[in-house]
Amino acid sequence: GFFVFGKHLAVIYDCTLEKDFEKEKSQQIHNYVNQLRAGVLKPGREKEYDIKDYNKQVWIITRGTTRLIKKIYDIQVKEVSINKLIEIYGKRIEEDLDEEDLEIMLTHI
């Protein structure tokens, strides 16, 4: 899947239970990076997102730990813990974070 958040963040994500996902998803990660490098995301025939000036990231969501796997060009490839996403969601509810604060948290995950 993918999401564009706020005015500066574009993420293509995938979820996995595989522990050795870096090897298993290597080609898929490179495909995601290439999609982001194109500067445009097209989820369907009628919608298009111009993301040229966005912070672009690929997230592989796991049960593991959140970490930067590598940087390809200007695109960060990250392992993102599902627990970290749940923590951020809880924080948004409890502290009533605005969109800008949430965008900053997601960008720096």
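## What counts as a salt bridge

A salt bridge here is a side-chain nitrogen of Lys or Arg within 4 Å of a carboxyl oxygen of Asp or Glu. By this rule, the count comes to 6 salt bridges.

This is a predicted model, so local features need pLDDT of at least 70 and side-chain atom pairs count only at pLDDT 80 or more, while totals for chains, interfaces and linings use all residues. Residues are numbered from 1 along each chain as its sequence is written, and side-chain values use heavy atoms, with hydrogens and water left out.

## A pair within a helix

Let's start with K84 and E87, whose side chains meet in a salt bridge at 3.2 Å, N to O. Both sit in helix α3 (residues 82–95), 3 residues apart, or about one turn of the helix. (Helices are DSSP runs of H or I with at least four residues, strands are runs of E with at least two, and numbering goes from the N terminus.)

(Buried means under 20% relative accessible area, exposed over 50%, and partly exposed in between, with a 1.4 Å probe and protein chains only.)

E79 is buried at 7%, whereas R67 is partly exposed at 33%.

## One more pair

D50 and K52 pair up too, with their closest N and O atoms 3.5 Å apart. D50 is partly exposed at 47%, and K52 is exposed at 54%.
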